[in-house]
Amino acid sequence: MTYDLVVIGGGPAGVAGALTAARAGLRVALVDSGARLGGQYFRHSAVPGAEPGLGRFLRQGRALGERADVLLRHQAWSAAREPDGTLVVHCVTRSSPAQDGREAELPVALRARRLLIATGAHDRPLPFPGWDLPGVLTAGGAQALLKGSGVVAGRRIVVSGTGPFLLPVAVGLAGAGARVLGVFEAGSGLGLARRPLLALDKAGEAARYAVGLARHRVPYRTRQAVVAAHGEREVEAVTVARLDEGWNILATRVVECDTVAAGYGFVPQIELGTQLGCRTRHDVDGSPVLTVDAAQRTTVPGVWAAGEPTGVGGWRLSELEGRIAGLAVVAGSRTRPGVPGVLARRRARWRAFGQALQRAYPVRPGWQGWLRDDTLVCRCEEVPLARVREAQDLGATDARSIKLLARPGMGWCQGRICGYAVSCLAGEPPQPPRRPIAQPVTLGALSEGVEATDPALADDPPPHPKPRRTP
């Protein structure tokens, strides 16, 4: 069976795009690796919360389940085009545990006339001495544990990094019973003070977080950051530094804690787009993102993108882009499908807001001075800073040559964690990922996945199938 549209990603962009197309009568499938819809922002199973837009998203998810195939626990690892122009998305889905407790990976291949990439983004960490100790998490990782599983990452937690995402993480952890010892913002903390008109839409949300910090007596400190973690087998304390404008260390103090949640923005996930040959550009913060036109079309025919893969801007922008992409898919073969003026204006406003946030919370180069020669830059391959410098002394002039000589980025995460840091150390902007396999997959699933189809989809479903899995 060939779908009219396959959507990769179950967050705000993917659900909005899939629902828009399904409501117009197209045969749609949405795949997502999670156990339920929501993506990184709308994780909502374990901890009830008042995230803006959650109720609306849940209604969209229920409506989508009535009109399309919602394939959860499906991890997309490759996208390709067949000679006849059909797009094929290769996934793996895990079976129930066998007697030995292991889950088998079952290959799945979905064919489509059109594809919407809405794969979101992941945390961007920065290395510092001790960041490989148990107890050091990304800010998003700490939030995912809490919102997805109801697990509080620690008892005495320090939140550090830059950007407004630190605030909901700290408020959520404190509200769940953790003692949050402080939010340490490496930047100035002025945020959008210089852009008051853009900040108006977020004023209420910011005030809510400020009240939450005050209620739980969580101090918020600007121009400060965790620059080292200490402990024998796990985190026992951190060094918090006072920083200048360039993030160079001015003074330090030690704070006893058992957990660090650190985050320095987000990295868009664009691997499936680059597999297909989609053109990329550098976003405001230097991150590579997929190039799209006014209708969210990439440079590859039949492929659209929405949400963070086209530039980090928050859930509201992602939902708008998903709706616009869905409308463009429905428009079919029109060369220049029109975008409703109200949607275009709202998208322009939220794009401006996202770009202003990236300018307000940049990563300054002074963080490289926090590192020691024995600081691991790549945790997967255990590559210290000294080995990176040795590669440069041998003639490596860019991140790729450093990777070939010193092996950072060759481990399990394939550079997702260390790639940004290595690019900074090499003195170049991050480059678009060129991975034939977008996500880790077993050799067995890889060898069997070329011609596999989902057994549950072997027979053509009715035009509006019953929901296979509900969010």
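R351 and E321 join their side chains in a salt bridge, 3.2 Å from N to O. The two residues sit in distant parts of the chain, 30 residues apart: R351 in helix α9 (residues 341-360) and E321 in helix α8 (residues 315-331). R351 is partly exposed, at 28% relative accessibility. E321 is buried, at 1%. The model is predicted.

## Other salt bridges

The count of salt bridges comes to 13. One of them pairs D4 with R113, with the closest N and O atoms 2.9 Å apart. This pair spans 109 residues, from strand β1 (residues 2-8), which holds D4, to strand β6 (residues 105-117), which holds R113. R113 is partly exposed, with 46% relative accessibility.

D285 and R124 also form a salt bridge, at 3.0 Å from N to O. Here both partners lie in loops, 161 residues apart: D285 between β17 (280-282) and β18 (288-290), R124 between β7 (121-123) and β8 (136-138). D285 is partly exposed at 25%, whereas R124 is buried at 5%. A network of salt bridges links E271, R416 and R435.

## Charges without a salt bridge

E185 belongs to strand β10 (residues 179-185). E185 is buried but has no salt bridge.

E234 lies in the loop between β12 (224-230) and β13 (237-243).

Key:
Residues are numbered from 1 along each chain as its sequence is written. This is a predicted model: local features need pLDDT of at least 70, side-chain atom pairs count only at pLDDT 80 or more; totals for chains, interfaces and linings use all residues. Side-chain values use heavy atoms; hydrogens and water are left out. Helices (H or I, at least four residues) and strands (E, at least two) are DSSP runs, numbered from the N terminus. Buried means under 20% relative accessible area, exposed over 50%, partly exposed in between (1.4 Å probe, protein chains only). Lys and Arg count as positive and Asp and Glu as negative; His and the chain ends are not counted. A salt bridge is a side-chain nitrogen of Lys or Arg within 4 Å of a carboxyl oxygen of Asp or Glu.
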